[in-house]
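Welcome to this guided tour! Open your viewer, get ready to select residues by chain and number, and follow along stop by stop.

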Amino acid sequence: MNAHRHSYYEAGARERLHGLLDAGSFRELLGPAERMTSPHLPPLDAPVAFDDGVVVGRGRLAGRSVLAGAQEGGFNGGAVGEVHGAKLTGLLERALDERPAAVLLLVESGGVRLHEANAGLIAVSEVMRAVLAVRSAGIPVLVLDGGQFGCFGGMGIVARCCDAIVISEEGRLGLSGPEVIETTCGVEEFDSRDRALVWRTVGGKHRYLLGEADVLVADDIGAFREAAIRLLDTVPDLSLDALDAEHGRLAARLERFGTCRDALDIWSALGIGQPARLPLLDTDEFLTATADRRA
Amino acid sequence: MDARTLLEQLFPAGHDVRFDGAFFHGSGRSGTTDIAVIGTVDAAPIGVELALALAGAVLDTVRRHPGRPILLAVDTAGQRLSHRDELLGINGYMAHLAKCLTLARNRGHKVLGLVYSKAVSGGFLASSLLADACHALPGAEVMVMNLPAMARVTKIPLEKLQDLSRSSPVFAPGVANYVAMGAVESVWQGNLAEALAAALAGMPQHDRRRELGEARGGRRLARPVAARVRSDALA
C-alpha cells in the first residue's frame, strides 16, 4: 500500500477536484456564494445546499485546460434535481464555446432526486444530450467513478454516454440500485444486504472485466489523476462504424453471458481461473490475474 | 390507445410496421415523406434485449435510409428491474441507444418522440426524452414514480405530496406536468396524421426544452442556471 494514498472514496466533491487537477488551478462557476439552491426542496421541508450538490468549473490537468464537474454524495446521495442538472448541462455546453482538452465528470449519484422527480429526469436527459453534443464536437468527456454512493439511475446512463470511465474497486456503476430492485421485486431477485453479491455485480472489478469501465484504479485521488491524464488525448468517435462495432460487442455480450446467473459465471466464462478469489485481490494483483481476459 | 390503432391513424396511407414481441419497427408515409417508426407495446419494461433492438433499428435506418425522419413510439413501464439486467450492464445498452440516436441526429435525421400510452422513468429517459421533440397523446401516462411509492421512499406523507402536486408540476405524474416543464412539446388532439405532419414541419433545431419550461412556468431555473454556467466569466 502506498503511504501517500489519498482516498477518493472518502473525499468530498471539492477535495476530489483539488486533488485531481493541477494544484490551485480550479475555479468554480456559480459557486456556493451565489446561493443557487433548489426551489423544490423547501416546500417538502427538505434541506437545501448552496451548490445543490454539484461543483462545476475550470481547471488544469497536466497543464491543459479542462472543465470539470463533481457531484457531492453527501447531499442527497448526489441526486439530480433541476439546478444540479442544469449546472452539469451548462458546464458541458460551455465546452462547446471554450473547447477545453476534455470535460471531466466526477460522478457520484443515486440518480434522479425524487423530491423533484420530473425536473430531475428531464435534467438528466439534457445532460445526456449535452454530453453527446460535446463528443460530437470532438471534445472527450471522461468519467471518474469511485464515490460512496456509486453511479446509478440516469447518471449510470450518462456515464456510459461518455468516452471513457475510470473506476475504482469501490466504485459502482449501474442503472437500478440493488435496494430499488429488492424493494420492487423481492429479496430473491437481488439481496441488497449481501454486500459481496452487490460488489461483484455492480462494483468496479466486474464493470472493468465486462468492458463497461475502461480503467481500473486503486482508491487514490492520485491514481484517478494519472488515469485521467492518460485519457486526455481520447478522440471521441460517434461514427456509424464505431456504433456498429459497439452494437456487435453488446450483442456478443448477451450471446456469451446472457444465461449467466452471477458475475462468477461470467468471470469463469472469460477464462479466469479461481474467479472466487477476484474480490479479495488488491488492484495490482487483480489486474495481473485478469490481464488479457476482459470481455 | 394501442399501437396498431395508433399506426393506422398516423399513417392512413399505409405502413409496413412489423411486430416482434414487445418491439416493432418499419415505416409509414406522412404526406410525401417516409418515416421510420420504432417502438414498443404493452408497457414493455426496457431491458438489455429491447434496448439493443431499438438501437439496432436506429442503426438500420441510418444505414439504409439516410435522412429519413425517425418516430419513436415507445410504450414502457420503465427500465427492467432485475439482477440479470444489472449484471449485464443495462445502462450501457441504454447509452448505446442514446448514442445511436445522436448519430442519426448528426446525420440529419429528425427524431420525434410520441408517448402514446405510457412513459416511465428510465424507459422514458432512454427513448422519447432523447428525441428532438417529444409529443404525447391526451390519455398518456408519464411519470418517474407514483405518489404512494414516492411517499414510501422519501418518508414524506402522501397527503402532503398530493396537496403540493395540485400547484407544482415538479414531481407528480401527468402529461400536463411534463408539458409545463417543457419536456413534452405538445399534446396531439384530433387528427393524428395531421399532428404528425405539423410536428415534422416544426422540428426544433436545438434542445429547447429549458426555454419551453421557463416560458410555461414549470421549470424556471434550468435555462438561466445552465446559461450562467455556460457564459459567466472566470478569473
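**First stop: a network of charges**

Select A:Glu93, A:Asp97, A:Glu126, B:Arg210, B:Arg219 and B:Arg230: salt bridges link these residues in a network. A salt bridge here is a side-chain nitrogen of Lys or Arg within 4 Å of a carboxyl oxygen of Asp or Glu. Zoom in on B:Arg230 and A:Asp97, which form a salt bridge with their closest N and O atoms 2.8 Å apart.

Before moving on, a note on what you are viewing. This is a predicted model, in which local features need pLDDT of at least 70 and side-chain atom pairs count only at pLDDT 80 or more, while totals for chains, interfaces and linings use all residues. Residues are numbered from 1 along each chain as its sequence is written, chains are lettered from A and ligands numbered from 1 in the order in which they are written, and side-chain values use heavy atoms, with hydrogens and water left out.

**Second stop: where the chains meet**

Now colour the two chains differently. How many residues does each chain bring to the contact? Chain B gives 73 residues and chain A gives 81 residues, where contact means heavy atoms within 4.5 Å. Together, chain B and chain A bury about 6,700 Å², 65% of it on carbon and sulfur atoms. Buried area is the accessible area (1.4 Å probe) that two parts lose on being put together, summed over both. Select B:Leu87, B:Arg230 and B:Leu234: these supply 12% of the area that chain B buries against chain A, more than any other three residues.

Nine salt bridges are counted between chain B and chain A. On the side of chain B that touches chain A, the largest share, 14 residues, comes from α4(B). Helices (H or I, at least four residues) and strands (E, at least two) are DSSP runs, numbered from the N terminus.

Pick B:Thr102, which sits in helix α4 (residues 90-106) of chain B. Is B:Thr102 buried or exposed? B:Thr102 counts as buried because its relative accessibility is 5%; buried means under 20% relative accessible area, exposed over 50%, and partly exposed in between (1.4 Å probe, protein chains only). Leaving aside neighbours within four places in sequence, B:Thr102 touches A:Leu132, A:Ser136 and A:Leu238.

Next, select B:Ala55 in helix α2 (residues 48-64) of chain B. B:Ala55 is buried too, at 0% relative accessibility. Apart from neighbours within four places in sequence, B:Ala55 is in contact with A:His247, B:His96, B:Leu97 and B:Cys100. Try the distance tool on B:Ala55 and B:Ala95: their C-alpha atoms are separated by 9.6 Å, with the two residues 40 apart along the chain.

**Last stop: salt bridges within chain A**

Show A:Asp233 and A:Arg64, a salt bridge with closest N and O atoms 3.1 Å apart. This pair links distant parts of the chain, 169 residues apart: A:Asp233 is in the loop between α8 (221-231) and α9 (240-257) of chain A, and A:Arg64 is in strand β3 (residues 64-71) of chain A. A:Asp233 counts as exposed, at 55% relative accessibility, and A:Arg64 as partly exposed, at 33%.

Finish at A:Asp163 and A:Arg135, whose salt bridge has its closest N and O atoms 3.0 Å apart. Here A:Asp163 is buried at 16% relative accessibility, and A:Arg135 is buried with a relative accessible area of 7%.
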